[in-house]
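Dear colleague,

I am passing on a structure that you have not worked with before, and below it I set out what was found in it. Please have it open while you read.

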Amino acid sequence: MKFFIDTANIEQIKEAQSLGILDGVTTNPSLMAKEGITGEKKILKHYVDICEIVDGDVSAEVISTNYKEIISEGEKLANLHSQIVVKVPMIKDGIRAIKYFTEKNIKTNCTLVFSLGQAILAAKAGATYVSPFIGRLDDFSNDGLNLIKEIKKVYHNYNYKTLILAASIRHTMHIINCSKLGADVITGPLNSITGLFNHPQTDLGLEKFLSDYKKGNT
Ligand code: G3P
């Protein structure tokens, strides 16, 4: 399973990259705004800066909602850097644009996916990634993880190549459960990833090993 970090925060991206287990980055307009990155020039530069920190795919989201504008914005984003994946919303014009990008060998991430039907459309258009938002489904008393399970089954049935990128991850158990369900990628905030390191028995065990070593060597 690949690990992407879901942020536009450079320090957090650097920290995740330094752990040696980071496979890519996802961003969205809200995450860019949270970091104070506004205006086209700054936003485009920020994507390049992120690509220069990490080795893998970096999702850059279009803000256009009609076909022609999504194509022109997406091509501009894709031309920024070879690691850029064009993130396109799950709307009719978005699916048409994903089909176009697929034919042009431009990688895509179909975002704002909340149902199996939407995930099937993304796969049929040839999206590289589909992003089901599991945390936001949970927020509305829907079972986000169940959507991952359903997409996995249907993609397997039809041998769809689109990769399941579980998004809107909120905590470590989302990551653990996504791994059990066979999600190809998770994208989450830094603390959902670093939380996987934690176990009190690891801390206690290490403390004991080190103190026993000291006893034997003084
Ligand atoms: O990048 C999309 C998604 O991961 C957003 O997550 O926590 O805002 O629902 P969240």
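The largest pocket holds about 350 Å³ of space. A pocket here is an open set of points, on a 1 Å grid over the protein atoms alone, where a 1.4 Å probe fits, with protein on both sides within 12 Å along at least five of seven lines, and lining residues have an atom within 4 Å of a point; the volume is the space filled by probe spheres set on the points. Please keep in mind that this is a predicted model, in which local features need pLDDT of at least 70 and side-chain atom pairs count only at pLDDT 80 or more, while totals for chains, interfaces and linings use all residues. Residues are numbered from 1 along each chain as its sequence is written, and side-chain values use heavy atoms, with hydrogens and water left out.

Of the 21 residues that line the largest pocket, Asp-6, Thr-7, Asn-28, Leu-31 and Pro-189 lie nearest its centre. Helix α2 (residues 29–34) gives the largest share of this lining, three residues, where helices are DSSP runs (H or I, at least four residues) numbered from the N terminus. By class, the lining of the largest pocket has five nonpolar, 10 polar and six charged residues, with Ala, Val, Leu, Ile, Met, Phe, Trp, Tyr, Cys and Pro counted as nonpolar, Asp, Glu, Lys and Arg as charged, and the others, Gly among them, as polar.

The second largest pocket holds about 280 Å³ of space, and of the 16 residues that line this pocket, Glu-40, Ile-43, Glu-61, Ile-63 and Glu-73 are the closest to its centre. The largest share of its lining, four residues, comes from α3, and α2, α3 (40–53) and α4 each supply at least two residues.

Turning to helix packing, the axes of helix α4 (residues 67–80) and helix α5 (residues 92–103) come within 9 Å and cross at roughly 45°, which makes α4 oblique to α5. Axes are lines fitted to C-alpha atoms, for helices over the stretch in contact, and angles run from 0 to 180 degrees between N-to-C directions; those under 35 degrees count as roughly parallel, over 145 as roughly antiparallel, 65 to 115 as roughly perpendicular and the rest as oblique.

The axes of helix α8 (residues 144–158) and helix α9 (residues 172–181) come within 10 Å and cross at roughly 20°, so α8 is roughly parallel to α9.

With best wishes
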